[in-house]
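Dear colleague,

Please look through it first, and then read my notes on what was found in it.

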Amino acid sequence: MHGEYKVPGGKLVVVDLDVAGGVLRGVRVGGDFFLEPDEALLDINRALEGAPADLTAPQLAARIDAALPEGTVMFGFTSEAVGVAVRRALAQATDWTDYEWQLIHDGPQSPALHMALDEVLTAEVAAGRRPPTLRVWEWGSPAVVIGSFQSLRNEVDPQGAERHGMTVVRRISGGGAMFIEPGNTITYSLCVPDALVQGLSFADSYAYLDDWVLGALEGMGVKAWYQPLNDIATESGKIAGAAQKRLVGSAGAVLHHVTMAYDIDADKMLDVLRIGKEKLSDKGTKSAKKRVDPLRRQTGLPRAGVIEKMIESFRGRYGLTAGSVTPEEMARAQELAAVKFSSPEWTARVP
């Protein structure tokens with residue numbers, strides 16, 4: 001069995017192993033990481049040899065930590081990263097490069113249609129009828145997108161939304177409310193097979209699926225990192241928030257989507273969103289305005305230039321061919337946008 005895990009912002013860990021009698025056998029760990037002393041690699045292999053095959057990544061990491069000599073330096077990876085690679089090997093997880101990735105980047109569309117396209121395209125990936133897809137959104141109108149489990153009245157000021165012409169829609173994933181203005185927002189979705197994130201914890205899958213965009217930001221001079229669970233942050237503040245939804249099908253699929261602040265009208269945002277003190281209590285700031293630091297200031301690039309750099313980063317790592325929404329997919333999405341995502345029953349399902 002073979003498993004790989006690219007540490008977000010770090011190095012690649014590779015594990016080859018067998019299982020016999022319910023325990024790990026023939027464990028061989030490698031990668032492009034740095035490790036001192038050199039002999040510590042043998043200690044890692046020995047710590048995993050004979051370990052029960054049902055141990056979690058943290059439990060495997062504990063075995064490794066107990067076996068490493070004092071003063072061991074692990075650079076670019078951790079003992080838990082090795083544990084994750086083991087779990088991915090056991091789960092027979094796939095790698096990014098195992099797939100032919102498709103890019104969809106169409107013209108502006110309505111907020112409800114964007115919600116519907118996410119659901120339809122991910123279902124198609126789950127059914128095996130669509131390849132893994134990166135979809136970059138263009139917004140047709142301003143919107144507030146609330147999470148699947150958020151209370152509408154607690155998150156949105158209806159008078160403020162109406163005053164600024166904001167459409168309120170509810171997405172199928174959890175997480176918090178997103179304030180959208182077409183020229184100020186960059187949004188993308190990843191519709192990926194469930195096999196790609198096998199062996200990863202729910203939390204680890206967030207950073208894993210966005211490692212490519214952290215690389216793109218670094219190439220634009222922005223040092224960014226994942227702030228658990230689902231924020232992409234810099235020293236100047238948050239720049240993006242992610243959310244996920246798992247769909248079942250013949251193989252299963254994961255919808256992972258991210259909204260990034262290219263620019264922001266903070267006063268307007270606070271007039272529309274009801275951001276309470278409890279929301280900000282664990283963010284290390286008293287002001288919602290200070291929580292978001294837009295990419296326009298940090299990169300100095302036009303919005304289209306940021307998107308181009310992001311797409312280039314993905315294509316350089318994993319390959320990417322231009323694609324489109326099929327007529328059948330669009331027809332289903334348009335019906336879903338009208339029947340579900342534009343309906344008061346769905347939007348206010350948590351009043």
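Pro37 sits in the loop between strand S4 (34-36) and helix H1 (40-48), where helices (H or I, at least four residues) and strands (E, at least two) are DSSP runs that are numbered from the N terminus. The peptide bond that leads from Glu36 to Pro37 is cis, with omega near 0°. Before going further, please keep in mind that this is a predicted model, in which local features need pLDDT of at least 70 and side-chain atom pairs count only at pLDDT 80 or more, while totals for chains, interfaces and linings use all residues. Residues are numbered from 1 along each chain as its sequence is written, and side-chain values use heavy atoms, with hydrogens and water left out.

A cis peptide bond also joins Pro228 and Leu229, with omega about 0°, and Leu229 has its place in the loop between S12 and strand S13 (231-234). Gln92, a residue other than glycine, has a positive phi near 55°, and Gln92 is found in the loop between H3 and strand S6 (102-104).

**Helices that pack together**

Two packed helices are described by the angle between their axes and the distance between the axes. The axes are lines fitted to C-alpha atoms, for helices over the stretch in contact, and the angles run from 0 to 180 degrees between N-to-C directions.

Helix H2 (residues 57-67) and H3 pack at an angle of about 130°, and their axes are 7 Å apart. H2 and H3 are therefore oblique to each other, given that angles under 35 degrees count as roughly parallel, over 145 as roughly antiparallel, 65 to 115 as roughly perpendicular and the rest as oblique. The crossing of H2 and H3 is right-handed; a crossing is left-handed if the near helix is turned anticlockwise from the far one by less than a right angle, and right-handed if clockwise. In this contact (heavy atoms within 4.5 Å), H2 takes part through Ala57, Pro58, Leu60, Ala61, Ile64 and Asp65, and H3 through Ser79, Glu80, Val82, Gly83, Val84, Val86 and Arg87. By class, the contact of H2 with H3 has eight nonpolar, two polar and three charged residues, where Ala, Val, Leu, Ile, Met, Phe, Trp, Tyr, Cys and Pro count as nonpolar, Asp, Glu, Lys and Arg as charged, and the others, Gly among them, as polar.

For H8 and helix H12 (residues 303-318), the axes come within 9 Å and cross at roughly 125°, and these two helices are therefore oblique to each other. H8 passes H12 in a right-handed crossing. The residues that make this contact include Trp212 and Val213 of H8, together with Met310 and Phe314 of H12. The contact of H8 with H12 divides into six nonpolar, two polar and three charged residues.

H4 packs against helix H13 (residues 327-341) at an angle of about 130°, with the axes 8 Å apart, and that makes H4 oblique to H13. The crossing of H4 and H13 is right-handed. Among the residues that meet are Leu113, Leu117 and Leu121 in H4 and Met330, Leu336 and Phe341 in H13. The contact of H4 with H13 has 12 nonpolar residues, one polar and five charged.

**A pocket and a cavity**

On a 1 Å grid over the protein atoms alone, a cavity is a set of points where a 1.4 Å probe fits but cannot get out, and a pocket is an open set with protein on both sides within 12 Å along at least five of seven lines; lining residues have an atom within 4 Å of a point. Grid points are joined across faces, edges and corners, and a volume is the space filled by probe spheres set on the points.

The second largest pocket has a volume of about 490 Å³. Of the 23 residues that line this pocket, the closest to its centre are Tyr5, Val7, Pro8, Gly9 and Ala207. The largest share of the lining, four residues, comes from H8, and by class the lining of this pocket has 13 nonpolar, three polar and seven charged residues.

The structure holds one cavity of 30 Å³ or more. The residues that line the largest cavity include Ile104, His114, Trp137 and Val325, and helix H4 (111-127) and strand S7 (133-136) are the elements that give two or more residues to its lining.

With best wishes
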